[in-house]
Amino acid sequence: MQVDSKHAVPGELDEIQLRDKLRAFRTHIPDTPGLNPIVSVAFDLSRRLEAGEITFEALRALATRLMDRAFVHRARDLRERVGYIDPAQTHKEFADFVEGLAKSMDFEAFAARWSRARNGIVFTAHPTFGLSEALSHRIVEMAVADKVDPNAVIGLPHRPDPNIDLAYEHSRAQKSISNFRDAYTELLQNFFSVAASRYGDKAFKLRPQLATVASWVGYDLDGRNDIKWTFSLLVRIKEKQASLNDIRERFLALKDLRGEDAEIQRLTRQLTGKLDLAIAAVDEHIDALERIGSDGFTLAEAANVITRAEGYNLVTTKPLIDLLDTMIEAAADREAKIALAALSGLLQATGLGTSHIHLRVNAVQINNAFRAFVHEPWTRDLTERQALARIVEMIRTAKPETVNFETLDLESATAIRQFALAAQISKHVDRDTPIRYLIAESESPATVLIALFFAKLFGISEIIDISPLFETPAALETGQRLIERLLAEEAYRDYVSVRGRLCIQTGYSDAGRFIGQIAADLALERLHHGLAEVVHKAKIPGVETLIFSTHGESMGRGAHPGPMRRRLRYVFSGEARWRFFRHGLPVKHETSFQGGDGYLFFDKKDFAARALTTIVLSGKDPGEGEDPFYTDVNLSLDFQLRLRDYQQRLFAHPGYRALLGAFGTNLLFKTGSRPVKRQGDPASGRGDPARMRAIPNNAILQQFGYVANVVAGLGAAVGSERERFVDLAKRSPRLRPLIEMIARAKQLSSINAVGANAAPFDPGFWALRASWGREPDHVAAFKRLAANLLEDERAGAINGLAHYLRLDAIELHSILEDIGLEGGKIPDDHRLELDLLQAVRLALIMRIFILAAQLPRFTQTNEVSHDQIFRQALALEIPEVIGFMRQAFPRRVQAERSSAAFDETATYFPQSIEDYGRIETEILEPMEQAYELVREIGTGITHHWGAFG
């Protein structure tokens, strides 16, 4: 990327010179093995900053320019990942696909092909809201623009919106869903236009399902206890309100197309009347729920409004779809028929909501709820055969119970309450649209059977899809057997036969955290293959296998950095789809778009249409390939197992824990409402990778400059089969994308950055800085830092990890070169600007450390000591440090003396209050400013990676 420096202001820091200095330092490394270019540049910036040769504002301006350029680069990369060219190209590609199928099929076959969705989209609330809403809009505007100045000034802070809560996340998700609905309607219009050209008016009898859309935002209770059932119910009803209003507005917008025919006008009055009454009823429901607790208004009163029998509440789309079908037949104009059919198709796809919904709980919540419900000794070990037999018998003999809103309020077991919530939604909100019930960390068939029992108990087994989540290494190994065991039970076979689908969810984030992302992807593919065989052997005709791949937008969470079509094939390979297809087994693949980063793909209608088109096209029937990756089974499996083994050893490396715990998530802004640790987890030491969630784990790896869970281990995995592996990588369409992902991650990764982020914890760095005598004003601070860090093990452990990774990288680069892939051995300007951002941030961290060493001592209290505050500062717990110091040393404005009012004179008046003011202006304010910029640079570093975490 070319950097324009002709407008540089005198006194500014010149990023071109600094970037060139980094490049020059790299050439000296062979002769100076201990040289770290990032540390060298950071040290120079730090020394000049503390000496007053450069200002904090100049450093901020430099960082902002670097972040702005990284932002532009991210926007253009997003465009390439989505595959966006322009709306006309999107619509042509979709129309050509539909037309190609229509030409090859008769009407019945064409109708059958589109009678079920082969792909789906799920919006989740993962904490990746690292960009403010304004920044999100700006990045997509740049992505859809034909040309963008690479040096464009963004003019917005690189940070998330403040106070991110669940309501904020739900609002952002619904805006993306709104754009999806616009895009879906447009594609339906294209579909019916092509179909009508081929089949005539018979085409309007079709019920095409292009793709499904769902959301769990507001309904995900896995690992959190801060979402009340009233919130989930309220947002579900608000989604119904939004959907009904949307359908009404879309229908009214067709006024000119519908014409003035008397029959059309009569049908129009009926449809708008039903919609108006239904909207009024929903408005009353929302008002009643929001009034609970105000002026003595009770839950019972609100419930009675919602359950009122004589109201106009609409709980099925059938009356609306019937009217639209009649109107389509009555319409004389084909364009009117197309528009009305598209509107009907949208309603069929989403039901009485903006989308489908997913409820989510944890397996532990299910099992504990069941133990409390049964309250018998045999439930202590639910893995025993006797326990499974008893659960199956309970399913068989279950007598449906009825629930009301008091049930929800009284029920303390989260898992049971979610079933009761689903029952109430089915009765009073939408009785036709299926509800997914996701169970995280499922490792036992008993958990799924317990869920089925509760579904039977509450009378919702015919509308709810129970889906175990396989995400841990153990679950990936046993998932196939778990489903096989379930299908051995008649109760489960009957359930999936009635539902017409068998659902599972797979998790890429946690799997990739424990065994590395590449090994996890291969393990998940083996699960897909095994599942195809299990379902085939089970002989359950007509039952669709639904696989929901929960992966994020970053490489560390399973997203291939290439175009979306490759991303989709990465998580659900063509071979996996073929394994189902060859047995005649219907399969559907859903993919998640997680939090703010995922919502970018749907931030504008045209962008959403491009993403949706790619997803629909990925559901085409696969062909049988001749991929040597699947024929050379021994080499492929050995590669996977050795890579997994390396990643597990890396996961246990003491330097890995030290890296994750050095600053924890304090380098970053809060990017979601969900806690970093699962609520209810016992306290653990900072940096424990087993306790930390996957997204912050990956985000810290990004910030330290090396996504080890993607990059590391290739050399060990290849082993002595180097020549054979290289040949396979060149020939295999499956293996090649895996290696490409490693190569792309390595292009951005820097072992120098890992070592650089350890430098502030190195007592030798501060001792040497003190000994040179070139910074006399700060010698005392340097000595104090050195003395306090003498026993600190972080620098040594992190540097040990860097050396461990470097040994692996030697083999990695050699293998990539043999395959013909660029691994960033010689970094380009983009990577050097990432290194420069690391250097600027490191200089700021050095400033924070220096200021922390100057914090005044205070009398120890029962709550905190001076040493504790100092240690917190070195861990970048700056808001807590500043909050305490401002309380301990409050800054006061000196009141004006009124000596004339006192008869007695004085010659002494207190002066010490002014010292507290100096603590504020000389230590706390600069520390706070530096810390805020440290976190903002964290967002800038995220731009380079293309996604948070």
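This is a predicted model: local features need pLDDT of at least 70, side-chain atom pairs count only at pLDDT 80 or more; totals for chains, interfaces and linings use all residues.
Gly83 follows H3 and has a positive phi, near 80°.

Two or more lining residues come from each of helix H3 (56-82), helix H4 (87-104), helix H23 (564-571), helix H24 (574-581) and helix H26 (605-617). Among these contributors, H23 gives the most to the lining, with five residues. By residue class, the lining of the second largest pocket divides into 11 charged, 10 nonpolar and eight polar residues.

The largest pocket holds about 1100 Å³ of space. Its lining is made up of 37 residues, and those nearest the centre are Ile29, Leu35, Asn36, Asn752 and Arg806. Six helices are named as each supplying at least two residues of this lining: helix H1 (15-28), helix H2 (37-51), helix H35 (751-758), helix H36 (763-771), helix H38 (794-819) and helix H39 (829-852). The largest share, seven residues, comes from H38. In the lining of the largest pocket, 18 residues are nonpolar, 12 are polar and seven are charged.

The structure holds 11 cavities of 30 Å³ or more, and the largest cavity has a volume of about 90 Å³. This cavity is lined by 13 residues, of which Gly130, Thr671, Thr939, Thr942 and Phe948 are the closest to its centre. Helix H42 (residues 913-945) gives the most to the lining of the largest cavity, contributing three residues. The lining residues of the largest cavity comprise six polar, five nonpolar and two charged.

Ser549 is found in strand S7, which covers residues 544-550. The relative accessible area of Ser549 is 0%, so this residue is buried. Leaving aside neighbours within four places in sequence, Ser549 is in contact with Thr506, Tyr508 and Val571, and also with His589, Glu590, Thr591 and Ser592. Gln209, in turn, is found in the loop between helix H7 (166-199) and strand S2 (212-215). With a relative accessible area of 17%, Gln209 falls under the 20% limit and therefore counts as buried. Not counting residues up to four places away in sequence, Gln209 touches Trp114, Ser115, Arg116 and Ala117, together with Tyr184, Gln348 and Ala349.

Backbone geometry draws attention to two loop residues. His375 is not a glycine, yet its phi is positive, at about 60°. This residue is found in the loop between helix H14 (363-374) and helix H15 (385-397). At a relative accessible area of 69%, His375 lies over the 50% limit and so is classed as exposed. Lys539 likewise is not a glycine and has a positive phi, of about 55°. The position of Lys539 is in the loop between helix H22 (517-538) and S7, the strand that holds Ser549. Lys539 has a relative accessibility of 56% and therefore counts as exposed.

A final example concerns a pair of residues separated in sequence. Asp256 is placed in helix H9 (residues 255-258). Its relative accessibility is 74%, so Asp256 counts as exposed. Between Asp256 and Ala336 there are 80 residues of separation in sequence, while their C-alpha atoms are 8.9 Å apart in space.

How values were computed: Residues are numbered from 1 along each chain as its sequence is written. Side-chain values use heavy atoms; hydrogens and water are left out. On a 1 Å grid over the protein atoms alone, a cavity is a set of points where a 1.4 Å probe fits but cannot get out, and a pocket is an open set with protein on both sides within 12 Å along at least five of seven lines; lining residues have an atom within 4 Å of a point. Grid points are joined across faces, edges and corners, and a volume is the space filled by probe spheres set on the points. Helices (H or I, at least four residues) and strands (E, at least two) are DSSP runs, numbered from the N terminus. Ala, Val, Leu, Ile, Met, Phe, Trp, Tyr, Cys and Pro count as nonpolar, Asp, Glu, Lys and Arg as charged, and the others, Gly among them, as polar. Buried means under 20% relative accessible area, exposed over 50%, partly exposed in between (1.4 Å probe, protein chains only). Contact means heavy atoms within 4.5 Å.
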